[in-house]
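The exercises below are meant for someone meeting this structure for the first time. Please look over the sequence and the 3D view, try each task, and then read the solution step by step.

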Amino acid sequence: MFVKWIAALIVAINANNRAGEVAAGVSFALLLALIPTGNLLWFCLFVITFFLKINLAAELLFLAFFKLLTPLADGLLHRLGLWMLSQPSLADIFTGAYNLPLLPLSRFNNTVVMGGLIAGIGLWLPVFLLFRRLVILYRRRWRDRIAGSRLVKALRRVPLVMKIGNAVRKIGGAAVSLR
Amino acid sequence: MKVPKLFKEELKERRFRKKILGRIYIESERDFVLRLYSRGPDGRYRRSPELSDEDARRLRQLAGSIKKNKGVVRTGKVSLIAIIVAAVLVFNFAFKNRLLEKALERGLEAVFSARADVEQLDFRLLAGRLSFTHLSVADREQPMRNLFELGATEADLNTNELLKAKVVISTLETREVRWHTPRQSSGALPQDRETEPESDVETASRAETRGLFLNLGSLDAGALVDDQRARLSSPARIAELNSRLQTLQGRWQGTVEQGRNDVDELAGRIDAVRAIDVGSLDTVPELQQAVTDIQQAATALNRVRDDLRAADRQIKADRGEIASDRREFEAAVDADVAYLYSLSDLSSGELKNLVSDLVAGYLQQILGRYYGYAQRARGYAERLITRKKEKREDRETVNRMQRGVDVPFGVAEYPRFLLEHADVSVQDASKIIHGTIRNISSNPDLIDRPVTFTYNRSEGGERLSVDGFLDNRERRDTDLKLGVQAAGFTFELTEGLENLGLSSLASGYRLRTEFSRSRPGNAAEGQGLLELYDLVLRPTAGGNQLGTILYETLGSLSKVDVDFDYTVESGKLARVAARSSADGQLALVLEKRFTEISAQYRGRLREELTARMASQIRENEALSQAFADLVQRSDGNLAEAAAHEAVLIQKRVEVEKRIADTQKQATDAVKSQLKSQLEKLPLPKLGF
């Protein structure tokens, strides 16, 4: 599965897709990684991404990657969420929301969930812009160089890379040219 | 090769840059397109007329990727969602109400354990409104009747809670309600059919035959005799006497028959003797034969007569013993009556509380009915309660969320089922009914309120008001409280009054009672006041003293107040104690006429006792008569034997006389002959 995701990501980076699709995939991956799973909020966000033109391979791949790291930030997220949930000015809004149907299932009243949501939203745009820029830079400067480098040619003979290459050809077809 | 439409031969600069170059994100591809198009002096981009197949193929791929890059939403997947939404809408219109109807029926059946039917249910999710035209729930104990029926009903549901799988009905209004209506088909659920309770007809007939049970203690002579029957000696005596009579009957029947046969046989011999013509007996042999015949008949007569006399002596001895037993039986009846009377010592004050006892018996029935309703309501309310912890634990515990804290916010927590307010109101020219029920819930502890109810009915001059609560919350002392007030009602008793010497008793009444049930020990008790007015009593035709006294005493009172209290044990009304304002006055009159009442009561005890032995007494009389007939027949046999003896004696006298005459005639003839012979003898004669 990871091979497919990597292949799809390679296809997306090298094909004529918007750089923002990959960047949005990474941004959503960070948002989903920061919010703990097992609540309606996470599930809804995850489902929404399926209906948006974002790169799902990038999202899933980076989600797996960020998930390994985000527990390290739970303390920070807890403090952030607690600060937000403790704001007296927002108490009425949160109380009203908690009495709405289904919304409590989002567990928004959990400090880590709320902290993850705030941090995810806050980081969404910077990460998006950053990765978009990186993809553009890659396409503009490194794509052709990498494709033609000796290293890549040597790597192509490595079984795993061959496997990825085959997957890329299957997914991307002729649209992708790793020249 | 054909070039995609996107890459027209000539394009405006704005369109070329925005629609094509702006959507190509790969530099090499962009360069490729720029190579193909050249900018003219008019600012328009024109495609190179010479395109190789490779260029055309590459343009087609580019066109495909440009098309894909349009928009931010995946239209294919969104279409799928649209189809799902459409399917939900179709379900909403086509199946929702039908499925909800079934679900409501199953839910009611689970609570009431009997068939429930809902008609034309309409549920509007967004408005949170549920309505139906008719609902009926069968009575589990009487499947051919409905427990209740509702007409057109509307309910407001809390949609928010419904989405949490909780049924919270804020108001329920109905304009038509009926109880205990007949059904066309059995309301028993399939699993209950094997043990289907008695039919409606059976119940009704049983209720009719049971009649009223009035708490009159031993004043009911018949009931007292029945109750004490095992301790009475007269029934055993009469049975014993009849048994003895039957034995003697069997024994003496044969003996008397045998005597009859002997007498008949003797009659033949006597007739032969009677036929002897004594005057024609001239010769000694004839006389000799006659004497022999008489002698033999006399011998046979003596034997038969001795047998008959012996039997007669014994049968008459038995007759004497039977007469003695009969007297003993009558003495036993007297003793039994005395014993029964001693048990119903009327002078001990039993009659003094007659009105209280009478009312207590009646109250026991009506209060028992109300208590029965309350118990059933309590049972149904309890069946709703799940006592389960309704807030589910998270099935999947997420460690990361556990690292955080759940910040609590004020929230109205509802149970799985809650009926906050149900209102029934029926009003027409003849009656007004208004009832409310509040807070029926599957978790009373969560809402921390008991089920409360009120019911008011006004029909003609009758007014009934019931209110109370059912508290199924844990750690509560009182779980049921019921208040009943009735006014303008009348009651008429026509059954069970015979012992009081009354044929009917009618009165208007006002009733006020409160009942409460404590959870510890399931102890339940209540008290109240019954006011009787416009008393109308009708004494029986037999001139019963008690009836006359009641008629005169109670008939003169304008009002009788009865204070009462009662207790419930093991789910049944165990005791009703009543104190009447008429008790004192009645006691005074009863004391004056105690002797007459007492004598009449003894007479009734005797009647009731003998009535219960009536068949045995009739049998005894028949057996006695049959035995008397045997004795009479035995006497007849003896008399006939005596008549035969008289014939023999007479005939013997006649024969003896004939023998004497014959002897004399012979003697005279001999003398005459002797004289004539003597005269012929030459005997000397002396002459002086």
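## Salt bridges between the chains

Across the interface of chain B and chain A, the rule finds three salt bridges, and the model in which they occur is a predicted one.

**Exercise 1.** Find the residue of chain A with which B:Arg403 forms a salt bridge, and decide how the pair meets the cut-off.

*Solution.* Begin with B:Arg403, whose partner in the salt bridge is A:Asp74. Next, take the closest N and O atoms of this pair, which are 2.9 Å apart.

**Exercise 2.** Describe which elements of chain B give two or more residues to the side that touches chain A, and say which of them gives the most.

*Solution.* First, count the polar contacts between chain B and chain A, which come to 15 residue pairs, both residues being at pLDDT 80 or more. Then list the elements on the side of chain B that touches chain A: helix 2 (27–36), helix 3 (53–68), helix 4 and helix 12 (399–403) each give two or more residues. Finally, helix 3 of chain B gives the most, with seven residues.

**Exercise 3.** Work out how the extent of the interface can be stated, both in residues and in area.

*Solution.* In terms of residues, 39 of chain B are in contact with 49 of chain A. In terms of area, chain B and chain A bury about 3,600 Å² between them, and 51% of this lies on carbon and sulfur atoms. Of the area that chain B buries against chain A, 23% is supplied by B:Arg400, B:Met401 and B:Phe409, which is more than any other three residues supply.

**Exercise 4.** Is B:Val85 buried, partly exposed or exposed, and in which helix of chain B does B:Val85 lie?

*Solution.* Start with the location: B:Val85 lies in helix 4 of chain B, which spans residues 75–94. B:Val85 has a relative accessible area of 44%, and is therefore partly exposed.

**Exercise 5.** Characterise chain A by its elements and its burial.

*Solution.* Chain A has nine helices and zero strands. Of its 179 residues, 50% count as buried, while chain A exposes about 9,200 Å², 73% of it supplied by carbon and sulfur atoms.

Note on methods. Residues numbered from 1 in each chain as written. Chains lettered and ligands numbered in written order. Predicted model: local features only at pLDDT ≥ 70, side-chain atom pairs only at ≥ 80, totals over all residues. Heavy atoms only, no water. Helix = DSSP H or I, 4+ residues; strand = E, 2+ residues; numbered from the N terminus. Buried < 20%, exposed > 50% of the residue type's maximum accessible area, 1.4 Å probe, protein only. Contact = heavy atoms within 4.5 Å. Buried area = accessible area lost by both parts, 1.4 Å probe. Salt bridge = Lys/Arg side-chain N within 4 Å of Asp/Glu carboxyl O. Polar contact = N/O pair within 3.5 Å; in protein donor to acceptor, adjacent residues only side chain to side chain. Areas by Shrake-Rupley, 256 points an atom, 1.4 Å probe, with all protein chains shown as cover.
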